Each structure stands twice: as structure tokens, then as C-alpha cells.
Amino acid sequence: MFLGLDSSTQSITAVVIDPSAGLIVSQVSVNFGADLPHYGCPSGFIPGGERGEVHSDPRMWLEALEMLLGRLAERVDVSAIRMIAGSGQQHGSVYLDGTFDERLAGLAVDVPLAEQLAPALTRSTAPIWMDTSTGEECSEITAAAGGAAEVCRRSGSVAIERFTGPQIRRFWKQDPEGYGRTARIHLVSSFIGSVMAGKSVPIDFGDGAGMNLMNLETRGWDPVLLEATAPGLGDRLLDPAAATEVQGKVSSWLVRKYGFSADCEVALFTGDNPASLVGMGATAAGNVVISLGTSDTFFAAMPGPKTDPQGFGHVFGNPAGGFMSLICFRNGSLAREAMRDALGVDWSAFEQEALAASAGYAGRNLMLPFYGPEITPRRDFDGPVEAFEESATAELRVRALLEGQFLNMRLHSRWMETDTDGIRLTGGASKNNGIAQLVADVFQAPVERLEVSNSAALGAALIAAGAAGNDLAGMQAVFCKASEGAALQPDRAKAAIYQDAERRFADLLG
Ligand code: XUL
């Protein structure tokens, strides 16, 4: 059996798989807010941060890990687990002094984990991906490294507030003494991975690329970016490595406390998006994942390290080799719900009817579908902009909003220069057949919806099984199957319509 862990914003999840039986053996979660209310983080982060600061408590992650492993050991014979891998919410960072590795090597089973490791923290809290406090540091890094295009060329992204390099720089500026005592900086992924391995393990190429510090070509830390970020930073990071690189046996603490086998091994931990790419069965180029959530995301495997010339999209390492893109659209469900409220309709029933009623108007009436600031493209909007050929009815507005969202995705994923052979649609709004058909038509590609839940933890379990020699593509064919029946096929008669609509949409965007 193989174990995948995912330490995300609101919870930590374990998925255990048995590839020889093609079975998910167990899925267990601990919710930070509900299970550990004494940390006062109902949504997984410390509320009330000022000036865009969003931090979490690393002790909470440790206590949750311990609780999770306890629950897992009650349900599963953990001595049969051969390899462990994992993932974490991307960009979050943990700062530790020189005692961290000694503490890991000598963990006692009868003292809480958080109590044993907390004294090694040089920064009591961990900035996470929701943090937007580092605008100034992004500008400083960009200037010192030769401009935004240069930062993007080197690291795969322009300097972004939530990315770890700007966060590290802010810590160095605010607390130079604390930075000085810091011997090791981990991401959430490598921090949890280190606990499992009983020693500090490297950051992997997938998550490492979300730091504005890793050079995409060399896949090592970039000397210019290190220099532009904080003094002596290279000494505080282990060299990045592939997620599938086995790090040795599990911590003896896992053996003594939970009954893991002393022969169980640990592969690297990666970011939740790279792990989801694996868990969604989309690690081969040509498969695109579109996740329709609070924000919409578009991610896909890429053979080479191309970067977005406009600097909106990001490039991370693909745990199966090569690279992946990640593009975030802030106005996802936020915009769909704003329109629902503005029209005063029951969205779930309505948009399917609206799409059917307006079928003859495909691509005719355009809308820039932004109800507030957007990150792709990075721009402020006060509300949607309509360019309608006829007077706007509720049906036409719904069509134009959704078409606008998918045309915006199509336009802003062009830089990847990969074919879209198939789309795997996930997230709340993906269940709607009208929306799914519209995605197929706009992208002119078949759309499948998957049964997978916990795609990051499942992806991590597949990475673990792959690191032990199991064939990844074969496992994905079993574990990442499409849910119901055949894929939705695009209406080929709409190819020219949406090609033209994309051009007009780009013009409207200006
Ligand atoms: C990706 C990002 C988020 C987190 C969520 O860049 O910031 O998707 O990884 O956990």
C-alpha cells in the first residue's frame, strides 16, 4: 500500500491506495477549524491579519498531522505501507533554527509533536498563499533582478506577493535577528515531508517553482534571485529535487508511535497543484484541467519550460517530469454568483435553461466577466463590461458571462502552445451539463468529469507508488477514471464562431 498526505489550507488528508487491487483503501481527514478549535483558525489561517498578511500556525499543522496519523492507524494496517509521499498548499513557508534536524531525529512518542518541534521555529507563524502583504518586496526583487520579464524568464513567474521569495524578504526586513537564527526554510510540503522522513528533506521541483527562486532551466536555486531576495538565502535551502526521488526510510517516530514498517520509505512532497495534476490523471501533455471553484484555475502539463510573456500564468514542475502551467482566474464562482444575485435567479436550474434558450446566440454577445479585480489579466474592474449585439436579456447575459470566462481562459492559455486534446473538468460548477458543454464548445475539445475527490492526496499516493516502481500512466487509468459515460463532444460547427469570438474578446479587453 502507498500513502499520500495533503496538507491544505483548511485540512490535512491521507489517502491510502493499493495499486495491485486498483483500490483506494482509506481516506481520512482532519479539519483544522473543526478538530483543533483551540488554535482559533476556523478557516485554517489566523484571522484578522493586517495589511494583507495571512499567516497560519505551524504547530496546528503538526498537531493535525499527529491526529491524522492516529486516525489512520486505527483504520488501516499501516505496517503494510511501503512508500509515503505528499503535498502541501503551495507557497507557505516555515522558518527553523539549527536544532530542527536533531529534534526530528530524536522525537519522543509520548510528547506532542508540536511541543517537541515548536522551539525550533524562528518565526512563530507561517505566511501562506493567501497573503498579499509583500507588494514592496516584489518591486524590490524585480528591480534587483533586472525587471519583471527577467524574473519570469528565470523562475517561471513574475514576482508575486504570495510566492515564497518575497515572503522571505519581508521576514528578513522585519526581523533580521530571527532571519539570522534561521538555518532552514521549508515549504509546507517539505516541512511535513521532513517530519515523515525524520530529517530535513529537499523542496521538490513542483513546489520549488512557486517561490520566485528556482531557475526553470537548471532546476536549481537561481543565484541572481537568491541575491535579490535576502542575504545568505542559499545556505538556508536544500537543493531542489524530483518528487519521485526517494529520501530513505521513514522516521523511527512513525515506527514507534504508529506501527509503520521500518522499511517504509519516503519520497518527496510537492505542491497541491502539481499533486492534483497527477491525481486528475493529467500529467501527459494535451490534457487540461479546468477547476471551477471560488477562483477558477486552468492547469496543464507542458513538455518544456515556456513562460507567459504577459506574466499572468505560472510554471511549476510536473511531478511526472517536465513542467506544468497554472493560471488562476479570480472571478470564478465569485462572478457567477454575483450575476445570479443581480438577476435574482436560482442559478443551478437557471443557467442550464438559459444556455439552452440562448443556443442560437453562441459567441455573438461579448462580456468581460469581471465583478472585481482580476489577476488574469491583472487589472481592476468595477463590474462586467457588455458588448451586446441585441438588447440584453437574462439568458443572453448568462451565456455571455460564461462564454466570457472560457474565452478569457482560452486567450490567456495560448502562450503554452500545447494542444488541448481533452479537458478534465472539476469543481462545484463542473457538475452542470450546460456549463460542461459550453467548455467543450469554446475550447473545441471533449470534456470529461472525474470521480476523484481529494485529487492532491490521491496524486501524492500515486507519486509514492510511482517512486516504488509502479507505472504511473497505468495507475492513472484505474484511479482517475471519468465519472459517467462518454466524454461530452464539442459541437464542431462552433469552431469558427469561437475563434472569431476570442479575437473580438481580445479586442474588447484592449
Ligand atoms: C497556487 C495557489 C493555491 C494554493 C492552494 O498558486 O496559490 O492554489 O496552492 O492550496
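How far is an oxygen atom of the ligand from an N or O atom in the side chain of Arg162?

Author: The distance from an oxygen atom of the ligand to an N or O atom in the side chain of Arg162 is 2.8 Å. This is a predicted model, in which local features need pLDDT of at least 70 and side-chain atom pairs count only at pLDDT 80 or more, while totals for chains, interfaces and linings use all residues. Residues are numbered from 1 along each chain as its sequence is written, and side-chain values use heavy atoms, with hydrogens and water left out.

Arg162 belongs to the set of residues around the ligand, together with Gln89, Gln90, His91, Trp129, Asp272, Asn273 and Leu326; a residue is near a molecule if one of its heavy atoms lies within 4 Å of it. This shell divides into two nonpolar, four polar and two charged residues, where Ala, Val, Leu, Ile, Met, Phe, Trp, Tyr, Cys and Pro count as nonpolar, Asp, Glu, Lys and Arg as charged, and the others, Gly among them, as polar.

An oxygen atom of the ligand also lies 3.1 Å from a polar backbone atom of Gln90, and an oxygen atom of the ligand is 2.4 Å from an N or O atom in the side chain of Asp272; a polar contact is a pair of N or O atoms within 3.5 Å. Of the 290 Å² that the ligand exposes when taken alone, the protein buries 89%, with accessible areas taken from the Shrake-Rupley method with a 1.4 Å probe.

Helix 2 (residues 58–75) packs with helix 9 (residues 188–197) at an angle of about 50°, their axes being 12 Å apart. Helices here are DSSP runs (H or I, at least four residues) and strands likewise (E, at least two), numbered from the N terminus, and axes are lines fitted to C-alpha atoms, with angles from 0 to 180 degrees between N-to-C directions. Helix 2 and helix 9 are therefore oblique to each other, since angles under 35 degrees count as roughly parallel, over 145 as roughly antiparallel, 65 to 115 as roughly perpendicular and the rest as oblique.

Two backbone details lie in loops. The peptide bond from Thr376 to Pro377 is cis, with omega near 0°, and Pro377 is found in the loop between strand 15 (374–375) and strand 16 (378–379). Arg219, although not a glycine, has a positive phi of about 55°, and Arg219 sits in the loop between helix 10 (205–208) and helix 11 (223–229).

How values were computed: A polar contact is a pair of N or O atoms within 3.5 Å; within protein, one must be able to donate a hydrogen and the other to accept it, and residues adjacent in sequence count only if both atoms are side-chain atoms.
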